[in-house]
Amino acid sequence: MDFPIADLSMPGCGLLSKNQSILAVTSSTFKSARVERIPLAISSPRMTGEIPSTTGASWPATPLLAGFVLIFFAGHASSQTPQNVPPPSDLKRLSLDELQAIEVTSVSKRPEKLSAAASSIQVITGDDIRRAGATSLPEALRLASNLQVAQVGSQGWAITARGFNNTSANKLLVLVDGRAVYTPLHAGVFWDVQDTLLEDIDRIEVISGPGATLWGGNAVNGVINISTKSAKDSQGVLITGSGGSELRGAGGMRYGGKVGANVQFRAYTKYFGRDSSALPIGQQATDDWNMGQGGFRLDWDASQVDHVTVQSDVYDGRIAQPGTNHIAVSGDNVLGRWLHTLSKDSNLSLQLYYDKTHRNIPATFVEDLQTYDADFEHRFRMAAGHNVVWGLGYRVSNDDEGNSAVLSFLPARLSRRWLSGFVEDEVPLGTDRLRLTLGTKIEHNDYTGVEVQPSGRVAWTLTQRQMLWGAISRAVRTPSRIDRDFFVPLTPGSASFFLAGGPNFVSEDVRAYELGYRSEPHDRLSLTLATFYNDYGHIRSLEQLAPPAPFPLVFLNGQTGDSYGAELTAECKVTDWWRLRSGYTALRLHIRPEPGSTDTSFGSTEAHDPSHYGTLRQSLDLPAHLQFDLGFRYVGQIVNQTVPAYRELDGRLAWRATPTVEFSIVGQNLLHAHHAEFGVLATRKEAERGVDGKLVWRF
Amino acid sequence: MALLRIVAQMRVRRSVQASVGTWCVVCGLLIVGGLDASAQTATSREYQVKAVFLFNFAHFVEWPAGAFASADSPIVIGVLGESPFGAYLDETVQGENVSNRPLQIQRYRRVDEIKTCHVLFISRSEAHRLEQILAALRDRSILIVGDGDDFVQRGGMIRLATAQNKIRMIVSVEAAKAASLTISSKLLRSADVVTASKK
């Protein structure tokens with residue numbers, strides 16, 4: 001077969017979307033569900049060795065180089081090393097069902113595995129999450145080296161891509177099985193309540209760079225798309241139990257079964273209790289917490305051309321606060337999706353969901369949010385190689401704020417609506433090796449009216465093993481409630497304010513230029529490099545209403561900025577039983593006041609970013625059914641919060657005692673008793689070393 | 001509370017010098033160095049498991065009496081085209097017996113080399129001429145296994161599909177029946193059964 005041509009033209013491969021990831025090469029019928037893995041460059045590597053943090057004046061070239069060269073030579077060495085192949089006798093003892101449950105990494109030599117996606121994408125598989133010993137979604141996201149992930153206390157996280165990190169980082173679109181989970185309150189994500197049974201996660205796709213055209217609102221700097229397994233792939237009973245020093249106790253249970261020939265389902269429940277994080281002086285920060293969650297997913301092959309998915313989750317948690325009552329969080333959601341195949345070259349999907357969240361922070365605020373969302377999508381292939389996808393979306397969110405004496409949202413109750421449409425066309429430019437994707441999203445929101453977010457992408461397949469891509473896009477972050485409706489009184493209960501949302505706040509926008517390269521120089525080695533330059537306008541600023549008086553302040557769009565950087569990943573399968581992965585990201589972000597602005601923070605209220613960070617991860621399969629994993633990370637200092645650079649190490653040793661029972665011991669943050677990842681010293685909470693054991697039993 | 005923190009800490013961010021050259025050096029070295037490396041021949045985990053599936057099929061399929069020369073003649077597992085199994089398939093069946101019949105591995109380059117064969121794995125290298133191969137083997141009692149896309153739709157009997165990192169059996173009972181083969185219900189219970197209407 002000639003290079004990617006066939007697969008590039010396949011719906012769902014060249015074009016990314018909510019329901020069809022690049023990993024899902026959807027065939028003519030969903031029934032046959034040809035979901036083949038395309039492993040190459042789109043995995044989730046981590047990186048790297050000792051990096052001097054003292055000067056910050058130049059990038060640490062030498063250790064990095066040494067790291068990569070080491071990996072590279074390890075790859076070479078493997079050609080001469082005999083392979084450690086498990087004897088057939090081990091596999092022959094297994095039943096057909098057990099054989100089908102074995103995870104294999106497809107190292108198909110077919111050329112089309114070189115991903116055709118013209119964007120910086122990394123994929124975290126369920127197996128990666130298991131082997132990393134991650135106990136929560138944010139921990140799993142550390143595996144994507146194009147994300148900045150910082151722990152801010154026991155339950156809080158600051159996560160972004162390509163800068164602007166904050167505990168309410170607002171330039172990321174996060175989807176869980178097609179459901180957007182960033183809050184319209186401040187456009188950030190409450191990471192503490194984003195959870196599921198980690199064993200049932202199929203994959204997490206992390207795209208750095210704008211994805212607004214196809215994926216939807218808020219995808220200014222990146223998209224995180226979390227997909228759980230279909231019910232078909234999570235049959236049987238799974239029981240997990242773990243406990244240790246930080247994860248005090250956790251348990252989960254899932255049952256997957258069939259109803260008739262065409263309906264499969266699973267139901268799960270889980271619970272965990274987590275220990276407090278530490279204050280910088282070492283004392284406990286009193287933010288221990290616990291949460292319980294349950295849910296189900298049902299997949300129905302309604303006919304040869306129709307597939308229906310219905311799923312739902314419900315959760316409830318309590319988070320301790322020093323000196324006052326617990327924070328209470330709860331929520332539930334229901335989602336339905338219908339996939340319909342019209343022909344070999346055409347399919348459509350309709351998705352509806354309802355999502356309810358509740359958060360009560362005593363004496364601060366209470367939020368009740370209900371979201372209703374409908375999405376329609378149609379993709380088809382036209383003559384002359386055009387792959388077209390278009391869609392419509394409508395969302396309503398009803399927000400009810402229980403305001404307090406210290407902060408308010410005015411009006412307290414608000415219903416907001418979004419109507420959006422998008423179209424994207426992928427077409428070969430004379431040859432199938434050069435493909436152009438043009439598209440735009442047009443969205444109407446209540447605050448700023450119509451927003452247009454176009455993008456153009458070019459993918460150039462140089463050889464079967466090398467690909468270049470480039471893109472220019474525009475994306476916006478439309479105002480959230482905090483930008484417009486926020487109100488902080490000068491003194492508690494006062495009618496005059498210290499800080500308020502601005503009625504004139506408009507959308508923040510970015511024009512993003514990207515250039516990337518993917519290569520598989522060797523069957524066992526893959527490399528990717530993604531570079532970017534982002535030009536931001538209308539960045540949020542805090543303006544003095546009556547200068548020179550320092551207060552009151554209002555939100556306006558008085559800042560501008562730009563950023564540039566590079567994301568490098570390398571993955572090496574040294575032997576069949578030893579894999580190395582690394583990732584390194586460098587970032588420079590400059591924010592400046594516009595003429596006339598009174599905000600002289602140079603972005604220090606909006607962005608808290610290390611200028612570089614990297615990971616190195618090794619996965620080793622040992623005899624006697626043992627697995628040993630280590631993950632090292634280095635994160636540079638966050639200058640505007642005076643958070644020092646840090647190095648940390650996670651490890652996991654697992655023993656598969658029988659085909660159905662696995663014991664593991666996981667160590668997190670092993671190098672320090674506690675270390676800072678984010679936040680100014682006055683309010684900082686630090687992640688602690690943790691060791692816990694885990695048992696997984698499947699039958 | 002994150003919302004409140006926005007009003008705190010206004011400080012000038014120091015800009016830091018950068019050098020992009022390092023990247024070019026690292027990438028250049030890796031790419032140039034990596035290109036000359038030789039290909040690997042080890043059997044991947046995927047094909048180790050698939051080899052064991054082939055071995056298992058010998059247990060779960062009944063051949064008509066005429067498929068064997070005598071009561072103790074071997075069950076032949078053949079591979080047509082470029083074998084992805086290396087020596088692993090041979091190791092898998094070594095010393096094994098199924099219903100008192102030893103197991104034997106054969107490799108074929110062309111379909112007309114196939115004499116006695118009971119389980120045939122058609123390699124992806126033959127995907128472009130699958131129809132001709134199937135036509136040539138028509139009415140012979142051979143269990144035809146493959147792992148290419150649409151293998152079953154194109155007339156194969158069992159496809160070992162790699163989906164979401166696992167291997168799944170997709171079986172066409174009709175195709176097996178047409179070759180006078182009986183696939184055990186035990187196997188079918190674990191498999192995705194494709195019926196004629198879905199072709």
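**Notebook: a look through chains A and B**

I began with helix α3 of chain B, where 14 of the 16 residues are buried, so the helix is largely enclosed by the rest of the structure. By buried I mean that 20 or more other C-beta atoms lie within 10 Å of a residue's own; exposed means 12 or fewer, partly exposed is in between, and C-beta atoms are placed from the backbone. Helices (H or I, at least four residues) and strands (E, at least two) are DSSP runs, numbered from the N terminus.

A note to myself on the source: this is a predicted model, in which local features need pLDDT of at least 70 and side-chain atom pairs count only at pLDDT 80 or more, while totals for chains, interfaces and linings use all residues. Residues are numbered from 1 along each chain as its sequence is written, and chains are lettered from A and ligands numbered from 1 in the order in which they are written.

**Helix α3(B), length**

I checked the span next.

**Strand β2(B)**

I then turned to residues 75-80 of chain B. Six of the six residues of this strand are buried, so β2(B) is largely enclosed by the rest of the structure. Both faces are covered, with B:I75, B:I77 and B:V79 on one side and B:V76, B:G78 and B:L80 on the other.

Which strands does β2(B) pair with? I count a pair if DSSP finds at least two bridges between two strands. Six bridges join β2(B) to β4(B), residues 101-108, and the two run parallel. Four bridges join β2(B) to β5(B), residues 119-122, also in the parallel sense. I followed B:V79 across: it stands opposite B:R107 in β4(B), and its bridge partner in β5(B) is B:F121.

**An open sheet in chain A**

Five strands of chain A form an open sheet in the order β1-β6-β7-β4-β5, with mixed pairing. Its edge strands are β1 (120-125) and β5, each pairing on one side only. Inside that order I looked at β4 (172-176) and β7 (222-228), which pair in the parallel sense over five bridges. There A:L175 has A:N225 of β7(A) as its bridge partner.

I found a cis peptide bond joining A:L410 and A:P411, with omega about 0 degrees. A:P411 sits in the loop between β17 (408-409) and β18 (413-429). The bond from A:F551 to A:P552 is cis too, with omega near -5 degrees, and A:P552 lies in the loop between β25 (525-544) and β26 (553-575).

A:A187 is in the loop between β5 (179-180) and β6 (201-208), and counts as buried because 24 C-beta neighbours lie inside 10 Å. A:N669 is in the loop between β31 (661-668) and β32 (674-675), and with 22 such neighbours A:N669 is buried as well.

**A:S330**

Last stop: A:S330, in strand β13 (324-343) of chain A. Is A:S330 buried or partly exposed? With 18 other C-beta atoms within 10 Å, A:S330 is partly exposed. Leaving out residues up to four places away in sequence, A:S330 touches A:Y315, A:D316 and A:H358; contact here means C-beta atoms, placed from the backbone, within 7 Å. A:I472 is 142 residues apart from A:S330 along the chain, and their C-alpha atoms are separated by 40 Å.

Key: Contact = placed C-beta atoms within 7 Å.
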